[in-house]
Amino acid sequence: MRRLPVYILIDTSGSMRGEPIEAVKVGLDSMVSSLRTDPYALETVNISIITFDKDVKQLIPLTPIDSLQIPVITTPESGPTNTGAALKLLCSNVDKEVHLSTPEQKGDWMPLLFLMTDGRPSDIKLFNDTIPEIKKKHFADIIACAAGPHAKVEPLKALTDKIFSLDTMDSATFIKFFKWVSDSIGVGGRSVGSTGDTGMELPPPPAEVNVVI
């Protein structure tokens, strides 16, 4: 069966240190557990996790969810938020990891991208310069989450028109957010798989997840 690639980019800069990043890990575990209960997702969804702060790391290459283990996620004490560098690495990884269709076989479904940040890009020029490259990768959808009171949504508007915000950064909120992400992946996989159109109808977000207009 064709794969549904899902890329999750997580800001791990200094303000995520401590309880927020632990809450993110709890939320990710909950998301993967939820996806494993969906037979279609279990057969198709492959997840990659990229973290970004002063450094950018691909913690997990595209991996089927039945064998995916959430890795240790570390955060520096301080430093910049290199969102642009994360998008640059993402472009490179998509080129290497996502299988395109050929005359002999069908490739993967169009990938989905979820980006979570609690600040704003420190490398704003690279961020803006890389957005056209992201657009060329034909993501089925790009969903951005601005987490916490210091997150800035304006830069994200250049990347996507699907932006959501979280007022608080505790475990309960992140669990609900990532449960919504898992529901969105399920919807996205079926809509991309059945129609091939870009964009998808997202399920209604929980009360803790605010739609940014």
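A cavity here is a set of points, on a 1 Å grid over the protein atoms alone, where a 1.4 Å probe fits but cannot get out, and its lining residues have an atom within 4 Å of a point. Grid points are joined across faces, edges and corners, and a volume is the space filled by probe spheres set on the points. The model is a predicted one, in which local features need pLDDT of at least 70 and side-chain atom pairs count only at pLDDT 80 or more, while totals for chains, interfaces and linings use all residues. Residues are numbered from 1 along each chain as its sequence is written, and side-chain values use heavy atoms, with hydrogens and water left out.

**Cavities**

By this rule there are two cavities of 30 Å³ or more. In the table, Ala, Val, Leu, Ile, Met, Phe, Trp, Tyr, Cys and Pro count as nonpolar, Asp, Glu, Lys and Arg as charged, and the others, Gly among them, as polar.

| Cavity | Volume | Lining by class |
|---|---|---|
| Largest | about 60 Å³ | 11 nonpolar, no polar, no charged residues |

The lining of the largest cavity includes Ile-8, Phe-114, Cys-145 and Phe-178. Strand E1 (4-11), strand E4 (112-117), strand E5 and helix H5 (171-195) each give two or more residues to this lining, where helices (H or I, at least four residues) and strands (E, at least two) are DSSP runs numbered from the N terminus. The second largest cavity is lined by Thr-83, Leu-115, Thr-117, Gly-119, Arg-120, Pro-121, Phe-127, Lys-152 and Leu-156.

**Loop residues**

Thr-12, in the loop between E1 and helix H1 (19-36), is buried with a relative accessible area of 0%; buried means under 20%, exposed over 50%, and partly exposed in between, with a 1.4 Å probe and protein chains only. The side chain of Thr-12 makes a polar contact with that of Asp-53 at 2.6 Å, such a contact being a pair of N or O atoms within 3.5 Å, of which, within protein, one must be able to donate a hydrogen and the other to accept it, and residues adjacent in sequence count only if both atoms are side-chain atoms.

Asp-108, in the loop between helix H3 (83-97) and E4, is also buried, at 11%, and its side chain makes a polar contact with the side chain of Arg-3 (2.8 Å). Although Asp-108 and Leu-4 are 104 residues apart in sequence, they are 6.2 Å apart in space, C-alpha to C-alpha.

His-138, in the loop between helix H4 (124-136) and strand E5 (141-147), counts as exposed because its relative accessibility is 53%. His-138 has a positive phi of about 55 degrees although it is not a glycine.

Notes. On a 1 Å grid over the protein atoms alone, a cavity is a set of points where a 1.4 Å probe fits but cannot get out, and a pocket is an open set with protein on both sides within 12 Å along at least five of seven lines; lining residues have an atom within 4 Å of a point.
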